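Please find my notes on this structure below. They are set out as numbered points.

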Amino acid sequence: MSPQPSAAQAPATDETDPQVIGNVRQLSYTGLRAGEAYFNRDGTQLIYQSEREDKNPFYQIYTLNLLSGKIDRVSPGQGKTTCSWFHPDGERALFSSTHQDPRLQEKVKEEYEARRNPQKNRYSWSFDEEFKIYEKNLKSGKLKLLTPEHGYNAEGSYSPDGRLIAFASNRNAYAHPETLTAEDQKLFSQDPSYMMDIYIMNADGSNVRQLTDVRGYDGGPFFSPDGRKITWRRFAPNGQSAEIYTMNLDGSEQKALTKIKAMSWAPFFHPSGDYLIFTTNTQGYANFELYIVDAEGKHEPVRVSHIPEFDGLPVFHPNGREIVWTHKTEKGDGQLFRADWDDAKARALLALPPAQAAAIRVGQFSSVNKPLEISPQSVQQTVDYLAQPEFAGRLTGSEQEARIARELSSVFQQIGLSPVGENGGYLASFPFTSQVDLGPQTRAAWSFGEPGKPAWSELETGKDFVPLSFSRTGTAKGGVVFAGYGLVAPATEKLEAFDSYAHTDVKGKWALILRDIPENLPADKRVELLYFSRLQNKVQTAAQKGAVGVLVVSDKIAPLHFEGASTALSLPVIGVSKELADKLLASTGRNLAQWTEVLDTGTTQAAEIKTREKEVLVDANIDLIWTRSTGNNVVGELKVPGAKETVVIGAHLDHLGHGEFGSSLAKDEEKGQIHPGADDNASGVAGVLALAHQLAAETQAGLIHPQRNIIFALWSGEELGLLGSTHWVRNFAASHGGKNAEKIVANINLDMIGRYQGKLQVQGLGSAKEWKGLFEKAALQTPVNLILQDDPYLPSDSMAFYLENIPTVMFFTGAHGEYHTPRDVASLINAQGEADVLNLVRRTLDELGASHGGKPLPITYAKAESSRGQMEGRSFRVYLGTIPDYTQEAVKGVLLSGTTKNSPAEKAGLAGNDVIVELAGLKIENLYDYVYALQTLKANKETQIKVLRKGEAKEFAITPEAKE
């Protein structure tokens, strides 16, 4: 960072390197000269120097808002200024100025006289010893002097975290002239830059440290994007050449990246940190051009501009896809120009590998050419980052999920959203059950002896048996009945009634069962039995038959595996080895293989395992230790002064990890692989971030004036049952200011919006009277083909809001074969399609936030009918319309979130927060009991349902309807 060295004036041409730079356009026009432009963190503003004041011939510092075009002067308007830089918080800026120079007016007069002289001198920079670095609060206008030391103090830049400032100074030559040799003093008097060195200090001006100490001009320091390195230019002592260098923050490992032996200066890192752009005059003393070099200096620098005469001071936009630099125009004055930048081709020229997924930067959502257009590139960058293997599938409660949440919190802060989380931050945590382990009291033994005189043999945990994670804890003891496949299924058109317990009594005994279904049945019968073969269903069947526990024969005893939250059943469930099964079956006259061969024909034979003299018994104690973990939502708000209502737009950031919790659809050969979750739901996160940046920046620039607050939320725990969004919305008042919290009037949910293939499903429109009309209008104004759907009962975070009587709408580009598999990768994202979808979502937010007759558009909650049975399981033949709360834990029974409109449950009088404890005479202790009971119901036949309502037992008559 520095003023430009001298260069002859020459007209520009339209020629640029077609491989890297394109779409060149002039950015500034006013004043004799303009240059040294640097972006704020999100790329929506530039700070630069320009000569445009009527009564001051010198540069002053200005900001340019790239959204509104508004220009504001930052410097006092007096004296010389140079080298400005935005603080990362966007509220401060630094620059160097001589406005407190006691000889200020004299120098102004001298400059005007020199410019009136028809004999023009070659332009050269003044290393005025009165230059000092100042920080300005851009809101209050207050100036703070950071470098009171005498000498040239300039060329400052903030570190990426805003904690440090690197700058150039020749202060030592003024403070300690006794250290200079006679030759040094002579050269310094001729050229003050001869004694220039690089310094670093805290952002408040304290703790100044000198990093370089060589003769010649060291200047123009910039930090690398990760804040670990500094790049600068080092001139030879005679000032005839300069090279590009890098070093560590403590001044160590000073390394020359170029050895051109020309005037190479103004280095600037690409946002990736992989290479730098700089200016050099290898094409001739006055013809400065732009070059690039890799960050390690391993490759020869490569020329990337081909415009005659001066091109210098290049900087990258934070998105890494554009540059701004200073170029001499036909009038001979330097002005700012902008152009597109092809990172991939630049890398190819330097023999660098393709770009890796980069951390999410706020600047990637904006552009100097089209400042806040939602670009496919920004969408793809975000998805690439979140779906990379390093994040291991973003499992709720994992180290990777916590890291992502912290990084996204930082992005929200940079965008300028107000925190809506805990302790004044953006994180909103929630507890959940994440793991189960064997407790020390787990044991099991079996006996084959005379009745009343058992001879017990202890079983080895992990070899003979292991409890399953959904087992009830505690003891169980009894005889054993072999119940085959343990299936009970009603008759259908294709299947006779199937009952593995038809020929035996399991009451008070252990049920020994096989997994899966009979192997040799016709395909159509296998399909009919498939639904009933789920192991949890089999266990509940055994419980309804009166069993004391279930022994499940396993091909291999695997370690205890957590099946997900809220899954504890009402019976002890133990996996047993095939070897133990053979011992238990010995008295039946058949071993396991022989029994399996018989049962695979479809027979429902069963056998109580005993003889007249002997009896088999199993005695077990199940001790499970449940681990509680913490998931992390990220929540920020665009606050509107005086607004009484709030809109929430969200997407879930979590996914399936390695597919640990049973919802994976991975093929056998894919088991255990990382599930990247690019579409589900890195695509939704990318959308929320892009819209948050767009709306916040435009609001701050005064381009839009929303009438409602907008909360931007990134949920976790969605894949485990809407855990994060449910916890947050139920605690919204407490987490957002107590009883006077602004009312949430609508929720917009983005879930899987990255695979647009010609149809966008807009779901949940039945949740508010106004939705349908709003989107009928939107359909006329977008190239996206809309499929409008009323049903708000959706398996995504929007459900958490709808069940709290908040209107919702969800955007969804459709299911695909990669859903919930390791194949849902970033390369399959249709980034352009998602950008088109987000432009529609933006119009929706504009409608919700705009003034309609002085008030925002009303959104009126409506209770909607559901696609029948969706919330109760697709394979049921009857429909009740209950909506279980799948986040429930430690509830004995089934807690209801609500009922669907006009459903049997609503007509019967059931309501949210009721706890179902009995259905059709069957005791209900958990969701699996409920699933089993639903299977026994018949359409149009009244039955009884019992609930606990605020602790009081109530019974209702309910008539199931046939599912359509």
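Predicted model: local features only at pLDDT ≥ 70, side-chain atom pairs only at ≥ 80, totals over all residues.

1. Strand E22 (residues 311-316) pairs with E23 in the antiparallel sense, over four bridges.

2. The hairpin of E22 and E23 has five residues between the strands. Within this hairpin, Gly320 takes a positive phi near 75 degrees.

3. On to the next pairing. E23 and strand E24 (residues 334-341) run antiparallel and are joined by seven bridges. Here Thr326 stands opposite Leu336 in E24.

4. Is strand E23 mostly covered or mostly open? It is mostly covered: seven of the seven residues in E23 (residues 322-328) are buried. In a regular strand, side chains alternate between the two faces of the sheet. In E23, both faces are covered. One side carries Glu322, Val324, Thr326 and Lys328. The other carries Ile323, Trp325 and His327. Note that Glu322 and Lys328 are among the buried residues.

5. Next, a helix pair. Two packed helices are described by the angle between their axes and the distance between the axes. For helix H8 (residues 535-544) and helix H18 (residues 927-936), the axes come within 9 Å and cross at roughly 75 degrees. H8 and H18 are therefore roughly perpendicular to each other.

6. Which residues of H8 meet H18? They are Gln536, Asn537, Gln540, Thr541 and Gln544. From H18 come Tyr928, Asp929, Val931, Tyr932 and Gln935. The residues of this contact divide into three nonpolar, six polar and one charged.

7. Ala920 lies in the loop between strand E50 (915-919) and strand E51 (922-923). At 31% relative accessibility, Ala920 counts as partly exposed. Beyond its neighbours within four places in sequence, Ala920 is in contact with Leu937, Thr943 and Gln944. Lys107 is 813 residues from Ala920 in sequence, and their C-alpha atoms are 97 Å apart.

8. Finally, confidence. The mean pLDDT of the protein is 89, and 92% of its residues reach 70 or more. Two stretches deserve a caveat. Over residues 1-16, pLDDT stays under 50, and the model has 70 contacts beyond four places in sequence for them. Over residues 868-875, pLDDT also stays under 50, with 29 such contacts in the model.

Technical notes
Residues numbered from 1 in each chain as written. Heavy atoms only, no water. Axes fitted to C-alpha atoms, helices over the stretch in contact; angles between N-to-C directions. Helix = DSSP H or I, 4+ residues; strand = E, 2+ residues; numbered from the N terminus. Parallel < 35°, antiparallel > 145°, perpendicular 65-115°, else oblique. Contact = heavy atoms within 4.5 Å. Nonpolar A, V, L, I, M, F, W, Y, C, P; charged D, E, K, R; others polar. pLDDT = per-residue confidence, 0-100. Buried < 20%, exposed > 50% of the residue type's maximum accessible area, 1.4 Å probe, protein only. Pairing = 2+ DSSP bridges.
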